[in-house]
Amino acid sequence: MKLHYYPGCTLKQKTTALDISTREAMRRLDIELVEPEGWTCCGAEYPLTEEKIVGLAAPIRTLRQVREEGGDVVVTTCSFCYSVLKRANKAIQDDPLKRKRVNAYLRDDIQIDPLTKERTTGFADYNGEVKVLHLLEYLRDTVGYPRIRERITRDFRGLPVAAYYGCRLLRPQKEMAFDEPDSPHIFEDFLEAVGCAAVDYPFKQECCGSYLSVSLPDAATEASYRVLRSAKMSGAKAITVTCPLCFYNLDHRQEVIKAAYLDFSGLPVLFFSQILAWALGVDKKLLGLGEHTVPADSVFSETPATEVRS
Amino acid sequence: MRVKLKAGRDKRKFIERIEELSGENVFACYQCGRCSAGCPMASEMDLLPNQIIRLVQMGLEEEVLRSKTLFLCASCFTCESRCPKGIDMARVMEAVRHILDPKGKDAFGPGEISPELAKELPQQVMVSIFRKFAK
Amino acid sequence: MFEPQIMCFLCKWCTSSAADAAGTSRLHHTPNNINMRVMCSSRVDPQHILYAFKEGADGVFLGGCHPGDCHYVEGNYKTLRRITLFKLMLRDLGIDPKRLRLEWISAAEGKKYAETMTEFTEQIRALGPLHLNEKALVQEVVKDE
Amino acid sequence: MTAPLSAKNKEKRIGLFVCHCGVNISSVVDVEKVAQVLKDYPGVTISTDYVYMCSDPGQQMIIDTIKEKHLDGIIIAACSPTLHEKTFQEAARLAGLNPYQIEIANIREGDSWVHTDKEKATKKAIKIVKSHVAKARQNENLDPIKVDVNRRALVIGGGVSGLQAAMDIADHGYEVLLVEKNPSIGGKMIQLSETFPTLDCSQCILTPKMVEVSRHPRIKLLTYHEVESVSGFVGNFKVRIKKKPRYVDEKLCNLCGECEKVCPQVVPDEFNQGLSFRKAIYMPFPQAIPGTFTLDAEHCLGLNPVRCGKCKDVCDKKAIDYDMKETIVEEEVGAIVVATGFDLYTMQALGEYGGEKYLDVVNGLEFERILSASGPTGGEVRRPSDGKVPKSIVFVQCSGSRDTEKHMPYCSKICCMYTAKHAMMYRHKVPDGQATVFYIDVRAGGKSFDEFYMRTVEEDKVLYIRGKVSKIFKEGDKLIVWGVDTLTGKKVEVEADMVVLAMAMVKADGVQDLLKKLKIATDIHGFLAEAHPKLRPVESLNAGFFLAGCAHGPKDIPETVAQASAAAAKVGDLFAQKELIHEPTVVPVNDELCSGCGICITMCPYSARTLDPDRGVVVVNEILCEGCGACAAACPSGAAQQRNQTDNQIFSMLRAMLRE
């Protein structure tokens, strides 16, 4: 079956590992991911002031495109994209004034008929018809863990792995409605479903430093260090993320962290999609492990890839 | 130095503007400080989040506008998720950034990222930080 | 100038007390209202309202306690449900539903009462006199004993 | 269409008295004109005006006129009925007129005080007065409804509030039934260690009261009982009470404790908040009343069929009976005191504090048990995880209170004081321990409360930090508390061995089922609603029910006891009456018109209306009816008519008011 999928800009440039492993994993579940025609960057930040209506135009245009293509669900993996799409969609659903104003911007978009190449304008208003889901939600609710378990060909044998939520998946809860912001478990449930042992640690919903790693690198280094240290102290052999920015801060900057904090000796950082893909039997070459700064090979070799089902 | 509290229209205008932009009632804050207690960046700040909102309540516009804190917020919404009064502090911060002098200098502009770093950074970092901290 | 007649049903515990409070504080308002005190806003039957329109009221006002404050536990909620439905029927009867207003005014809100009276009077004045569609409105909504 | 007039009222003679109220009315309303215009109005026999109707000469004039003109209805056009309705009813009574024949037409608050245009105000006054004449023509003589009182009270709940209320009512000379769902009376107070601000030992002051109650000749103690249902009305309630099987005959049990020794089943001990264990056959605590063991069937290996039987084997007194069954007791009472207490908000709701995850994060009541000499540690402060003496304890106030967003918006009122007490007691017991309290405001308004709090700070050197904790987590052996000191503007981190959360006080677990059975009103938090927040604070909106203690909202012990005594006094008021008087302006049913559709039954908030299945009509318990009239408005056939405010009266008034 086909499923609409919004990769977002980072997955097409610097963090292809997340994109490729996601596609491969979903293929193993008989789901083909389709990108909405002409999607653009979501804007990365949901506009927080009441005046910045224009910031809603880009994500809503993409969602409208999903609707135009007959989709009623779109999945994302990047936490930032998920946050922006979901919040923008909710704003359009809940706030009639925003709905009106955003649609006013978008109504005159040009539409090109793929067959006749005829240019027309005049889209029907978008009223929040498409449902925005994180892939973790889709795996839990639509695919279902039992079906994933049936397809698993490799066993992690209870490898202790830390689930890292970071900021955007969980908060603000009223809009994201993803999980309990202070006792989430959807990510852990996923890890358990694919054969890992989810490690409980107190920093799973703390901030990694986010974009401050550019403007205030030391503060971000400390924030990321605390997350990694907490996961490691709790016995994790790897930490999993859904967000390219978390990945950058925890993985790409780990050398800096290790240099600044001598008590920390390193921890592989993985995308949840890599874990899923590996469990479903995807070739290691397709996991995008070359993008990692911290070698993650060990995670996939430490537990012998026993074929549990032939 | 004694801080003179303003009264009247100027003060009200500032507070009303913040409330209008953020959609939050700043007077709902009873200064429990929970936003600051959980803030991952609090140790870097010259004013804690609760102090920012306190200064807004008092109408001390200049002190709010010159605080470093505005550009230390990572919008991680930890404050929002714990606030007992349901105030979204990240929105208040954004509202204050919004009313900064539009002709002023960027707090963090594209010029500050070296070409080498730019090659390595995920796109979303640059999009988000300029959206937050540049004009 | 058109002087509308405003028929007001006021609950004894809240809005009627608010009317008294407005009097005690000498809060002047338009004199177009005529008040009837009932024990609870839920005592008011849609028939009473129709009858008021039929007898010459240009607007009808219902005042009750704020939600949660009803002296009879939940009478005001019953009123709210009843009036919401009744407004739909009013339209069918050819009466602009804006001519019927339900408001929660507590005993402490004398000012709100006085302001509401004036405001509602002006609103009805703007709508003009009520011309009943005698065909739509059943001739005798009330049977005499 | 003529004015609707029932045959029997045709001859009515009505007098109209228009008051000047000095110049209060007459300066705006032309009172003489009002009296003049109404002279010839249908039904009016005499119409007059006077400067002060409420004065003695004014009242005398009314009395004389009623007698002289043989009036059977009067209208006083004057101030609001809330002021002088009673005065004029009394005057009418003196003249031999039924008080329900009096109408007050409000032409002061509703007219002369809010208008300035004399002509319009006078016109309005005439309309108002006319409408009351129209109504008065159809008013009937009414007599207050009278009913006997059963002078026996039911008290629900055997905590300190229930004990105090039962004791006071019994001391007034009335019989009391005291129902407690647990095996012993004592409630939450018996679990407390010391009490603020005097540091009296809670058990030491409560135990004598428990004994006194159990020995009082007029108190019947029903522990391990639960109220099943309540029917009837004020003065005449019928109560069904479930007697839960204890499987131990309390008269035979001599507390030897052999049964407990042989019982193989170990269960978390409720009295110690689960910090220790008890057996399936147990005595809740040594001073429990009644003094007997109770077999907890839920945790017993099995009673039917018997799977263990060891306790019965060792019982010399043959007190254990596995065949005991649940039974229902029926009782009749005239008043009910609801004293069902409170519970603490669950720590699970605050994931960021880790109360569910970490053993050493405890709630206030657990810490009471840890401090108590009768507690699991014998009064030594030891933490639950490993029994170590904590060298640093962090106390977090407002845990779940004053949070409008996710938890309880109200202040739980007692936490400031008990936290001060906890910190002080801890410092006394562990002199080298560090006590840190996070607070938002310290609310110490109460006799000797602030002095107590200041002692905690000044003498016991407890560190108070003004700020709310954001997160608590474990690192190694330590609990890390992330807080803030808003006074210095510093984010702070405290390492603690133990954390005590002052959890919000909430409605008692499972109490909503009981309150539904009692049909009594609560607020949105499930606490009992008082009839008036200022003037009737211990009565329920529902006649015959009285409130005591934390079932009504968070309060401390002295306040609870005072409220319980007040509730008892109110029960005394009720019982002191020879008979109960009830307003007769209720809504009876006209059998001939009633179709038995039952719509009015669903409208009634007081369950005053029931369907008579034999006759297929609704019957009304006039004692329960409060006369709101919601049923009358809903009745499709007009069978439900409010006395002296019938639909016809309302229609007549509308016509008089609106038709020019």
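This report walks through some salt bridges, a surface patch and the spacing of chains in a predicted model.

Residues are numbered from 1 along each chain as its sequence is written, while chains are lettered from A and ligands numbered from 1 in the order in which they are written. Local features need pLDDT of at least 70 and side-chain atom pairs count only at pLDDT 80 or more, whereas totals for chains, interfaces and linings use all residues; side-chain values use heavy atoms, with hydrogens and water left out.

**Salt bridges**

Let us begin with charged pairs. Over all chains, the structure holds 84 salt bridges, each being a side-chain nitrogen of Lys or Arg within 4 Å of a carboxyl oxygen of Asp or Glu. Here are three of these pairs.

| Residue | Partner | N to O distance |
|---|---|---|
| D:Glu475 | A:Arg229 | 3.2 Å |
| D:Asp386 | D:Lys388 | 3.7 Å |
| D:Arg402 | D:Asp441 | 2.9 Å |

The salt bridge of D:Glu475 and A:Arg229 joins two chains, because D:Glu475 lies in strand β24 (residues 471-475) of chain D and A:Arg229 in helix α11 (residues 217-233) of chain A. Helices (H or I, at least four residues) and strands (E, at least two) are DSSP runs, numbered from the N terminus.

Next comes the pair D:Arg402 and D:Asp441, which links distant parts of chain D, 39 residues apart. D:Arg402 sits in the loop between β21 (392-399) and α11 (415-429), and D:Asp441 in the loop between β22 (434-439) and α12 (449-458). D:Arg402 is buried, at 9% relative accessible area, but D:Asp441 is partly exposed, at 28%. Buried means under 20% relative accessible area, exposed over 50%, and partly exposed in between (1.4 Å probe, protein chains only).

In the remaining pair of the table, D:Asp386 is partly exposed with a relative accessible area of 38%, and D:Lys388 is partly exposed with 46%.

Salt bridges can also form a network: A:Glu45, A:Arg168, B:Glu94, B:Arg97 and B:Lys132 are linked in this way.

**A nonpolar patch**

On the surface, B:Met1, B:Val3 and B:Leu5 form a nonpolar patch with about 390 Å² of accessible area together. Patches are made of residues with over 30% relative accessible area and no salt bridge, joining like charges within 9 Å and nonpolar side chains (Val, Leu, Ile, Met, Phe, Trp, Tyr) within 5 Å. Accessible areas come from the Shrake-Rupley method with a 1.4 Å probe, and for residues only the protein chains shown count as cover. B:Val3 lies in the segment before α1 (9-22) of chain B and counts as partly exposed, at 41% relative accessibility.

**Chains apart**

Chain C does not touch chain A, their nearest C-alpha atoms being 23 Å apart. Chain B and chain C do not touch either, with nearest C-alpha atoms 22 Å apart. Contact here means heavy atoms within 4.5 Å.
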